[in-house]
Amino acid sequence: MDVISNLLKIISDFVAELIRSIFGFSPFLAELITMGLAAVVLATFAALSFMGLTYVERKVVARIQDRIGPNQAGPFGLLQPIADGIKMFTKEDTTPAAADRWVYNLAPLVIAVFALTTYAVLPFAPGVVGTNLNVGVFFILAIGSGSIIAILMAGWGSNNKYALLGAFRTVAQLVGYEVPMLLNLLPVVMLTGSMSLIDIVNHQTTLDGNPGIPHIIYLPLSALVFLISGVAETGRSPFDLLEAESEIVAGFHTEYSGMKFALFFLGEYVNALAVSFVFATLFLGGYAGPILPPYIWLLLKAALVFFVLMWLRGTLPRVRIDQMHNLNWKFLVPMSIVNLVLVMLALKLFPASAAAQAASGGVLVSPGAQAVILMLINLAVLLVSLSLVGRAARRLRMQEEALLAQRRAANMAMARA
Amino acid sequence: MRTDFAFVGVMMVTAALLMGVTLIAAALLRPKKPNPAKLETYECGMSTVGDTWVQFRVQYYILALVFVLFDIEALLLFPIAFAFNSLTLFAVANVVLFVLVLLLALIYAWRKGALDWE
């Protein structure tokens, strides 16, 4: 049991020791090679999961929409990703004569690299993490913004009007939805007192290693807003305005084909999977869980979040661009700010640790009581914001109906005269 | 600390190498028969008219400005969140005031119509 739950750690230690002892490299070189191997493993994991996810997503969305999905290549269409890969490899790649060659050709590489680098800080099991950065949360946000540059490069370099329109929309959307994402990571960092993802997981585990209270119980509203802005950040449906087929052909990757197009797709899927992993780590307790080994727990939780993403994609229609901006700036951002302020005050008034109480006073409560207090605050903010939006929408509809009735009456009068 | 970030560098280089190899392998495998019609800019079958790199909507610029405001706010708030457990109630009240001023700024931008997409 112990061997299974620590499998990843044992393998990595073994390989590191092997390199150090057999080849007799200097410590520096040995460490560099170990790092390189770990990076290759992580990148391969991400690329392979991309292949698997394209199949799973097509199957799941097909089932939601009452279709069968891919079923020709291999049993149950399982070989579909390989068929797609062969097609991508052998498809002719055209670079438009008017394109800005350097920018055009570099963009897919940039998006793929930034997407893969996110995996460097994800903790898969205790002690199994690419690197335990003490600014992990910040790093994920920073690397996540890299895809904005790549998309702008693609849109600008293609020298195509639709591509440029798509790139503009994308930048406005990705930049905008970063704000609620930041504002809802802050309460998590405050609760934990650390930005390292390992510390955040440890905060959701009890001292003896059993699963404690996941942050989604503390901060349900933050989790919800983080998920929504995560969907928008990866440009997935219902926020896929960047590649709205009915309006701007295919958005920023209109001019791309073959392997370069595949790299854009890889970037999108790997980013979406990274959002699932980050959500599982920040809000669902990461690798903590009973009985099963930790990495299985993390994969299960991330798979659950990814399923929600696929579900959203299968059921929701695409939003309009003004709706997208309104949802962000007029709903998510103000709500997140109010929530942040209330959470800050509640954390100071009801600290859960003696050290925090010594700094600021307040009533010392158990973590469970703190979780309940924060959850009630979160839910209250959500309910009040929803009712405010509902009231505003009702007022707008009443105005429109009054206007309509007025016009109808005028028409009737005209017809009678 | 130094080695922590070294891995990020190694990861980026590895990812770039792996993806670069894929691109190069695809370049070797695929057919290459360009002709003028293929290399035209795509625009629903018609040849494109005018310059592509033109002025863009001012709305994007305004939203970017509002974004900068909140991004800097977050930059200032993350250290505070990091040291949150050792802050006094008075310090937190100051932070709350700071955040509320920013909320006022958002409401001002909203009232001015900077957030409306026409």
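Student: How much area do chain B and chain A bury between them?
Tutor: Chain B and chain A bury about 7100 Å² between them, with 77% of it on carbon and sulfur atoms. Buried area here is the accessible area (1.4 Å probe) that two parts lose on being put together, summed over both. In chain B, the residues that lose the most area to chain A are Phe7(B), Trp53(B) and Phe78(B), together 12% of what that side buries.

Student: What kind of model is this, and how is it numbered?
Tutor: It is a predicted model, in which local features need pLDDT of at least 70 and side-chain atom pairs count only at pLDDT 80 or more, while totals for chains, interfaces and linings use all residues. Residues are numbered from 1 along each chain as its sequence is written, chains are lettered from A and ligands numbered from 1 in the order in which they are written, and side-chain values use heavy atoms, with hydrogens and water left out.

Student: How many residues does each chain give to the contact?
Tutor: Chain B gives 69 residues and chain A gives 86 residues, where contact means heavy atoms within 4.5 Å.

Student: What makes Asp93(A) and Arg30(B) a salt bridge?
Tutor: The definition asks for a side-chain nitrogen of Lys or Arg within 4 Å of a carboxyl oxygen of Asp or Glu. In Asp93(A) and Arg30(B) the closest N and O atoms are 3.8 Å apart, so the pair qualifies. The rule finds 1 salt bridge across the interface of chain B and chain A.

Student: Which elements of chain B give two or more residues to the side that touches chain A?
Tutor: They are helix H1 (2-29), helix H2 (58-82) and helix H3 (89-111) of chain B. Helices are DSSP runs (H or I, at least four residues), numbered from the N terminus. H1(B) gives the most, with 20 residues. By class, that side of chain B has 48 nonpolar, 11 polar and 10 charged residues.

Student: Why is Arg30(B) called buried?
Tutor: Buried means under 20% relative accessible area, exposed over 50%, and partly exposed in between (1.4 Å probe, protein chains only). Arg30(B) has 18% relative accessibility, so it counts as buried. Arg30(B) is in the loop between H1 and H2 of chain B. Leaving out residues up to four places away in sequence, Arg30(B) touches Phe89(A), Thr90(A), Lys91(A), Glu92(A) and Asp93(A).

Student: What does Asp93(A) meet in a salt bridge within chain A?
Tutor: Asp93(A) meets Lys260(A), at 3.2 Å from N to O. The two are 167 residues apart, with Asp93(A) in the loop between helix H4 (80-90) and helix H5 (101-117) of chain A and Lys260(A) in helix H12 of chain A. Asp93(A) is buried at 7% relative accessible area, and Lys260(A) counts as buried at 8%.

Student: Are Arg313(A) and Glu57(A) buried or partly exposed, and what makes them so?
Tutor: Arg313(A) has 32% relative accessibility and therefore counts as partly exposed. Glu57(A) has 2% and therefore counts as buried. Their side chains meet in a salt bridge at 3.3 Å, N to O. The pair links helix H13 of chain A, which holds Arg313(A), with helix H3 of chain A, which holds Glu57(A), 256 residues apart.

Student: How do you know that the span of helix H3 of chain A is close to what is expected?
Tutor: The expected span is 1.5 Å times one less than the number of residues. Helix H3 (residues 27-64) of chain A has 38 residues, which gives an expected 56 Å, and reaches 53 Å from its first C-alpha to its last. Just after H3(A), Asp66(A) takes a positive phi of about 60°.

Student: Why is Tyr287(A) called buried?
Tutor: Its relative accessible area is 8%, so Tyr287(A) is buried. Tyr287(A) is in the loop between helix H12 (258-283) and helix H13 (294-315) of chain A. Residues touched by Tyr287(A), not counting those up to four places away in sequence, include Pro123(A), Phe124(A), Ile198(A) and Trp297(A).

Note on methods. Ala, Val, Leu, Ile, Met, Phe, Trp, Tyr, Cys and Pro count as nonpolar, Asp, Glu, Lys and Arg as charged, and the others, Gly among them, as polar.
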